[in-house]
Amino acid sequence: TGSETTLLAAVAGANLDCVQIVCANQSDAAVDVDFRAVTGGNVEFSITVPADSTAGFIPSVPWPQAATGNNWTADIADITGTTVNINALFIRNV
């Protein structure tokens, strides 16, 4: 709904590096999903998910989280009636 939402909660003293993200769009309109490695931070990467379809991101090496103790978040534009399910895989570096 256009509100930044926590995808993975912070773990004190650990970096949470992104290994894979897959998004499933259940609406009849394409959506852009922005991902951040810290709440309110810069967009790390975006995934465009076609209408009624899936799209994903699998980096060749884990996408590093720059600082410890931060959330990973996801955000889409305020599109009424749109549901995007997100599955993600992270590794914890301590």
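The legends below describe an overview and several close-up views of a predicted model.

Residues are numbered from 1 along each chain as its sequence is written, and side-chain values rest on heavy atoms, with hydrogens and water left out. Because the model is predicted, local features need pLDDT of at least 70 and side-chain atom pairs count only at pLDDT 80 or more, whereas totals for chains, interfaces and linings use all residues.

**View 1. Overview of the protein chain, which has seven strands and zero helices.** Strands (E, at least two residues) and helices (H or I, at least four) are DSSP runs numbered from the N terminus, and from that terminus on the elements read β-β-β-β-β-β-β. The C-alpha atoms fill a box of roughly 40 × 25 × 15 Å along the principal axes. Among contacts (heavy atoms within 4.5 Å) between residues at least 6 apart in sequence, 77% join residues at least 24 apart.

**View 2. The salt bridge between Asp 75 and Arg 36.** A salt bridge is a side-chain nitrogen of Lys or Arg within 4 Å of a carboxyl oxygen of Asp or Glu, and a search of the whole structure finds one. Its N to O distance is 3.9 Å. Asp 75 belongs to strand β6 (residues 72–76) and Arg 36 to strand β3 (residues 31–36), so the pair ties together parts that are 39 residues apart in sequence. Asp 75 is buried, at a relative accessible area of 15%, and Arg 36 is buried as well, at 13%. Leaving aside neighbours within four places in sequence, the contacts of Asp 75 include Gly 2, Ser 3 and Glu 4, along with Asp 32, Val 33 and Asp 34.

**View 3. The largest nonpolar core, with 18 residues.** Such a core is a set of buried Ala, Val, Leu, Ile, Met, Phe, Trp, Tyr and Cys residues joined through side-chain atoms within 4.5 Å. Cys 23, Val 33, Phe 35 and Ile 47 are the members with the most contacts inside this core. At least two residues come from each of β2 (15–25), β3, β4, β5, β6 and β7 (84–93), and β2 gives the most, with four. Beyond its neighbours within four places in sequence, Ile 47 is in contact with residues including Ile 21, Cys 23, Val 33, Phe 35, Ala 55 and Phe 57.

**View 4. A cluster of aromatic rings.** Rings of Phe, Tyr and Trp (its six-membered ring) pair if their centres lie within 6.5 Å, and planes under 30 degrees apart count as stacked, over 60 as edge-to-face and the rest as tilted. The structure holds six aromatic pairs. In one of them, the rings of Phe 57 and Trp 63 have centres 5.6 Å apart and planes at 70°, so this pair is edge-to-face. Trp 63 is partly exposed, with a relative accessible area of 27%. Ring pairs link Phe 35, Phe 45, Phe 57, Trp 63, Trp 72 and Phe 90 into the cluster.

**View 5. Leu 16 and Val 19 in strand β2.** Leu 16 is buried, with a relative accessible area of 4%, whereas Val 19 is partly exposed, with 22%. The C-alpha atoms of Leu 16 and Trp 72 are 8.1 Å apart in space, although these residues are 56 apart in sequence. For Val 19 and Leu 89, the C-alpha distance is 5.4 Å and the sequence separation is 70 residues. Leaving aside neighbours within four places in sequence, Leu 16 is in contact with residues including Leu 8, Val 11, Trp 72 and Phe 90, and the corresponding contacts of Val 19 include Phe 57, Pro 59, Pro 62 and Leu 89.

View 6. Most residues other than glycine have a negative phi. Phi of Asp 52 is near 45°, a positive value in a residue other than glycine. Asp 52 counts as exposed, at 64% relative accessibility.

Definitions and conventions: Buried < 20%, exposed > 50% of the residue type's maximum accessible area, 1.4 Å probe, protein only.
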